[in-house]
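I open this notebook to record, entry by entry, what I looked up in the structure. Each entry keeps to one place or one topic.

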Amino acid sequence: MSSRVWVLAALVLVSATACKPPVDVEQARQALLATDSEWMRAANDADKFSSFYATDASFYPAGAPLVKGQAAIRELFKELTAAPGFGLEWTVVSSQVGAGGDIGYTSGAYSLKMTRGGETGKYVTVWGKQADGTWKVTNDIFNGNEPPAPPAPAPGQHTVTAPAQLSWGPGPANMPPGAKLAVVSGDPSKSEPFVLRAELPAGYTVAPHWHPTDEHVTVLSGSFSFGMGDTLDKAAMTDLPAGGYGLMPAQMHHYAMAKTAATIQVHGIGPFAITYVNPADDPSRAKN
């Protein structure tokens, strides 16, 4: 009797397996890629972005401890997205779904942008299909193409930085688009000495504004111009060639323009901030 039960159970199992529809792996892969695209579009929203991770997902940042769980990953991305100039995008180079249709991976290249820092690199993301049929990230692994930036020097310690060591990123939202910024030393957001550089395209213009602290500007290349007052007047501007220097005292109303493609270096005591004479000139307000 016992042997008959086992035979019957085996027959039922074989029958169930035979009736299970085959997995359309290509269809599953396309669904995975569609989810990946939606995930990237959510990169500036930490809550939505982290929702694409499984509850127990693992996040492997290069040179840092493992971040475990969707909640911890969400908190990490809240810090990242709050950084000035934050932007994240990637390009899928390879993707595959297993024969069972419930596990897959994507890999490729990414670009992380921030006003201070940023990097390009490569990644591998492992995905798992959930009980409701959606794809979720289970393991997110990446590392940059360049070695990590050297740590900030201790007080009183010398520092030497080659041009290739600078990390360039877009300017903050309250600067006109098109500029690239790199922090050379210090933290412009804090009450401490700082040095930063800006690469500006020809014609780049900053409307009348002022700063809470003195602004020292040295022109490294190209032609850069300053004007004083509350109204932009190109005819009244003073042109500075490479090697030129300008000092804008705290709260002095002024405006600026790159007559040609130019690189400038700004230094002073932070916090470095821009307040427009006419609030409507603030590019960050125009987006709201």
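**Entry 1: His254.** I began with His254, which counts as buried at 1% relative accessibility; buried means under 20% relative accessible area, exposed over 50%, and partly exposed in between, with a 1.4 Å probe and protein chains only. The model is predicted, so local features need pLDDT of at least 70 and side-chain atom pairs count only at pLDDT 80 or more, while totals for chains, interfaces and linings use all residues. Residues are numbered from 1 along each chain as its sequence is written, and side-chain values use heavy atoms, with hydrogens and water left out.

I located His254 in strand S15, residues 254-258. Helices (H or I, at least four residues) and strands (E, at least two) are DSSP runs, numbered from the N terminus.

**Entry 2: Thr213.** I found Thr213 in the loop between strand S10 (205-210) and strand S11 (215-221). At 18% relative accessibility, Thr213 counts as buried. Setting aside residues up to four places away, I noted that Thr213 touches Met248, Ala250, Ile269, Gly270 and Pro271.

**Entry 3: the sheet.** Which strands make up the open sheet of five, and in what order? I read the order as S13-S12-S15-S10-S17, with antiparallel pairing; two strands pair if DSSP finds at least two bridges between them. Strand S13 (238-240) and strand S17 (275-276) each have a single partner strand, so one side of each is left without a neighbour in the sheet. Strand S12 (residues 224-228) pairs with S13 over three bridges, and Ser225 stands opposite Asp239 in S13.

**Entry 4: helix H2.** I turned to helix H2 (residues 25-41), whose 17 residues reach 25 Å from first C-alpha to last, close to the 24 Å expected at 1.5 Å a residue; the expected span is 1.5 Å times one less than the number of residues. Its buried residues are Ala28, Leu32, Leu33, Thr35, Asp36 and Trp39. They lie on the same side of H2, because they cover an arc of only 160 degrees around the axis, taken from the directions from the helix axis to the C-beta atoms. The face turned away from that side carries the exposed residues Gln27 and Arg41.

Met40 is also in H2 and is partly exposed, at 27%. I noted its contacts with Leu88, Glu89 and Trp90, leaving aside neighbours within four places.

**Entry 5: aromatic rings.** How many aromatic pairs does the structure hold? I recorded 13; rings of Phe, Tyr and Trp (its six-membered ring) pair if their centres lie within 6.5 Å, and planes under 30 degrees apart count as stacked, over 60 as edge-to-face and the rest as tilted. The rings of Phe59 and Phe77 have centres 5.6 Å apart and planes at 70 degrees, so the pair is edge-to-face. Phe59 lies in strand S1 and Phe77 in helix H4 (residues 70-81), so the pair ties together parts 18 residues apart in sequence. Phe59 is buried at 3%, and Phe77 is buried at 5%. Both belong to one aromatic cluster, whose members include Trp39 and Trp90.

Definitions and conventions. Contact = heavy atoms within 4.5 Å.
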